[in-house]
Amino acid sequence: MLMKKQEIIRTEKKAGGKGHVLIEHLITPTEMKDKCQMFAKVTLEPGCSLGYHKHQGNTETYHVIKGSGIYNNNGNEITVKTGDTTFCPNGESHGIENISSSNLVFIALIIND
């Protein structure tokens, strides 16, 4: 099955972050059948962030496909760049911010526990 490009959704101050987040869902909830909450390409433009938040009942992985930024892993800030993958287990917290002058693009996968 080929999934056609989906509408890009702009969300302001996602999880209390700065600016906006651009989300393009790669697979819809129909295909995920309650196993996943999200499989999407996420873009953070310069100065934007996805705020620090806790995961309850699911895990989240980011795989950076373009750019760099600061990933907050339970209060520890780590620089991430193209090719890096992060993992936030159930019960832990994270956030990510683009502090560069170009877009930070990553794949986000949220799997239900």
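A pocket is an open set of points on a 1 Å grid over the protein atoms alone, with protein on both sides within 12 Å along at least five of seven lines; lining residues have an atom within 4 Å of a point. The model is predicted: local features need pLDDT of at least 70, side-chain atom pairs count only at pLDDT 80 or more, and totals for chains, interfaces and linings use all residues. Residues are numbered from 1 along each chain as its sequence is written, and side-chain values use heavy atoms, with hydrogens and water left out.

**Exercise 1. Describe the largest pocket and its lining.**

Step 1. Take the volume, the space filled by probe spheres set on the grid points, which are joined across faces, edges and corners. The largest pocket holds about 180 Å³.

Step 2. List the lining. It has 15 residues; Lys 14, Met 38, His 53, Glu 60 and Ile 110 lie nearest the centre.

Step 3. Assign elements. Strands are DSSP runs of E, at least two residues, numbered from the N terminus. Strand 3 (36-44), strand 4 (49-54), strand 5 (58-66) and strand 10 (104-112) each give two or more residues to the lining.

Step 4. Sort by class. Nonpolar means Ala, Val, Leu, Ile, Met, Phe, Trp, Tyr, Cys and Pro; charged means Asp, Glu, Lys and Arg; the others, Gly among them, are polar. The lining has eight nonpolar, four polar and three charged residues.

**Exercise 2. Work out the strand order of the open sheet and find its edges.**

Step 1. Strands pair if DSSP finds at least two bridges between them. Four strands form the open sheet, antiparallel, in the order 4-9-6-7.

Step 2. Strand 4 and strand 7 (76-81) each have a single partner strand, so one side of each lacks a neighbour in the sheet.

Step 3. Check the pairs of strand 9 (residues 93-97). Four bridges link strand 9 to strand 4, and four join strand 9 to strand 6 (residues 68-73).

Terms used. On a 1 Å grid over the protein atoms alone, a cavity is a set of points where a 1.4 Å probe fits but cannot get out, and a pocket is an open set with protein on both sides within 12 Å along at least five of seven lines; lining residues have an atom within 4 Å of a point.
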